[in-house]
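Subject: Structure handover

Hello,

Here is the structure I promised to pass on. Please open it first, then read my notes below.

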Amino acid sequence: MTLFIEQCLNGLQFGLLLFLLAAGLTLVFGIMDLVNLAHGSLYMIGAYFAATFAAWTGSFVLGAVLALLATLLVGMAVEVIAMRRLYGRDHLDHVLGTFGLILFFNELVRLIWGAQGLPLPLPSWLNTPVHLLPGFTYSAYRLAIIIVTLAVAAGLYFVVMRTRIGMLIRAGASNREMVGALGVNIKLLYTLVFGLGAALAGLAGLMQAPILTVQIGMGENILILAFVITVIGGIGSIRGALVAALFVGFIDTLGRAFFPDLLRMMLSRDAASTLAPALSSMLIYLLMAIVLVVKPEGLFSAGGK
Amino acid sequence: MRSKLSFRNIVTAALLIALALLPVYVQFAHAPFLLTLFTRIVILAMAAVSLNLILGFGGMMSFGHAAYLGIGGYAVGILAFEGVSSGFVQWPAALAASALFALVIGALSLRTRGVYFIMITLAFAQMAYYIVSGIARYGGDDGLTIYKRSQFVAPINLSNKVQFYYICLALLFASIYLVWRLVNSRFGLVIQGARSNDARMRAIGFPTYRYKLTAFVIAGTMCGLAGALLANHTDFVSPSVMYWTRSGDLIIMVVLGGMGSAAGPVFGAVALLVLEEALSGITEYWQIILGPLLLLVVLFARGGIDGLLAQVGAKGEAKARHG
């Protein structure tokens, strides 16, 4: 039972982390109509910055904050230098151009930090388990991720739905020419939105870093999951991204934890241990296929995009 | 299509003839590595030609085309591992497996359009990647070595490098011809019509979904054959042949070569792989050059090499007419 609760919390944590990534992706797509494959690179860069700054300053939190700001700046620079020229183009152009950026960033990281991964050690106050219930302990760090991501999600909701900037963002999503014609500096708005997406990806990367290692290509596998989430949730919908991210987080985590045992009950031991790893990595794609059959536009599609 | 002897057609023919004469050059120049490199180029060109059928002519932006390379390869690899080395079994199995995979993911993915289609094909290809990575019996992540190439009847011997090159080249020519015939048939006109305006095609009575699905399956099957060739070429198959960046490479070949003609992707495959070879000779960090280069191609040379040739040809014709 405690194992089950623990895995549920892990699923929640992973889902919320995925949400940060998918929210940036879906925000950039919804507002700029831009397919950004390089989103995973920003995730990777956030993690590398955090490892470097944490080693310099000797403080995990200070390193994380600096890394977040640096990723925001990198994101805005990428928007000004490259992305801006891709708006209004074919989606195929977006795919190719941002694919080029992935190659560039992976190689740049290898040039600067080397091919070996970096460690991002946790401070001791985050590295101790906490007692949640009598007789049930949980990793303090994972709990911290859950709290931070929930706070960020709430903050994001507040910014998008309750502030002037958020109003402009929503207006830009539904009709950008009109917003530009009304005198809003749409270029600056786009740069800000892209920077925000980059910072969200960077935050996800630096928080995941202590659990896995910081390495080249770390953003690519998780990017595919973020794509699956945006497809399930409906492109352009932040609410959809949240719901789908939680779904994917739970199914992936619980599937990996309990599916092999389930399979072992039904099949012979040998067959189960051969099939289990392959099948449990298939579960979320199966979920995606089912959603597609039922609602091809995703669960919460933002209009007729 | 006006003049058969346009500049662009002449250059295309010259490239294909050069590919056919390559082994002669290799013989004289004693450069066997060139033959290996170009066998690879020819095989990947075939994959790119198949992708162009759906991407260029059908307007379906599949980002999972490398999956068929892996499926075709694993069909050969798994059968060889289980002791069946006859090419008469292996190759049809490769074709059938890729056709089946294309049918299933095509039927699901084609329910969507645009960005959804890109992401979904990508996700399904990654699913295939994770599945083969998880099967320990066939090597998992480490891949599967093929100790014996596909066996055919007496004069055909795939272990002979020159002969294998010519077999690959013949199959490349056959796939270009097939795509050219398809594109200029009624079927091809329907899928091109669906690319320009799907709703209108449906309104005049074409069930475009079925047409597109058929094109999707044909393209996947052709690429599966390329996968079987690739596995024979490297004597090895691993999940990395179907990693998503490989699908990206195939898209680059198609766009770089030009989507307007059946043979265009061959230019792209030659250009990309020769460029990779040349850049990796200059620096270990060659992708740092290739990445921005791609961005520049996207921004400034959208028609690809084929489009460039057509432009040069059109200019020359105009000059001839006025001067």
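Predicted model: local features only at pLDDT ≥ 70, side-chain atom pairs only at ≥ 80, totals over all residues.

Now the build of chain B. Its secondary structure comes to 13 helices and two strands. The C-alpha atoms fill a box of roughly 65 × 55 × 45 Å along the principal axes. For 323 residues, a compact globule would have a value near 20 Å, and chain B has 20 Å, so the two agree. Of the 323 residues of chain B, 49% count as buried.

Next, one residue to look up. B:A301 sits in the loop between α12 and α13 (304-322) of chain B. Is B:A301 buried, exposed or partly exposed? It has 14 other C-beta atoms within 10 Å, so B:A301 is partly exposed. The cut-offs explain this, because buried needs 20 or more such atoms and exposed needs 12 or fewer. B:A301 and B:Y130 are 171 residues apart along the chain, and their C-alpha atoms are separated by 35 Å.

Then turn to where the chains meet. In all, 37 residues of chain B are in contact with 37 residues of chain A. Which helices of chain B each supply at least two residues of the side that touches chain A? They are α5 (114-134), α10 (244-257) and α12 (287-300). α5(B) gives the most to that side, with 14 residues. By class, the side of chain B that touches chain A has 28 nonpolar, seven polar and two charged residues.

Last, a helix pair in chain A. Two packed helices are described by the angle between their axes and the distance between the axes. Helix α3 (residues 60-81) of chain A packs on helix α8 (residues 186-208) of chain A at an angle of about 140 degrees. Their axes are 7 Å apart. That angle makes α3(A) oblique to α8(A). The crossing of α3(A) and α8(A) is right-handed.

Which residues make the contact? From α3(A), they include A:A64, A:L68, A:L72 and A:M76. From α8(A), they include A:Y190, A:F194, A:A198 and A:L203. By class, the contact of α3(A) with α8(A) has 13 nonpolar, six polar and one charged residues.

Best wishes

Conventions
Residues numbered from 1 in each chain as written. Chains lettered and ligands numbered in written order. Contact = placed C-beta atoms within 7 Å. Helix = DSSP H or I, 4+ residues; strand = E, 2+ residues; numbered from the N terminus. Nonpolar A, V, L, I, M, F, W, Y, C, P; charged D, E, K, R; others polar. Rg over C-alpha atoms; globule rule 2.2 N^0.38 Å. Axes fitted to C-alpha atoms, helices over the stretch in contact; angles between N-to-C directions. Parallel < 35°, antiparallel > 145°, perpendicular 65-115°, else oblique. Left-handed = near helix turned anticlockwise from the far one by under 90°.
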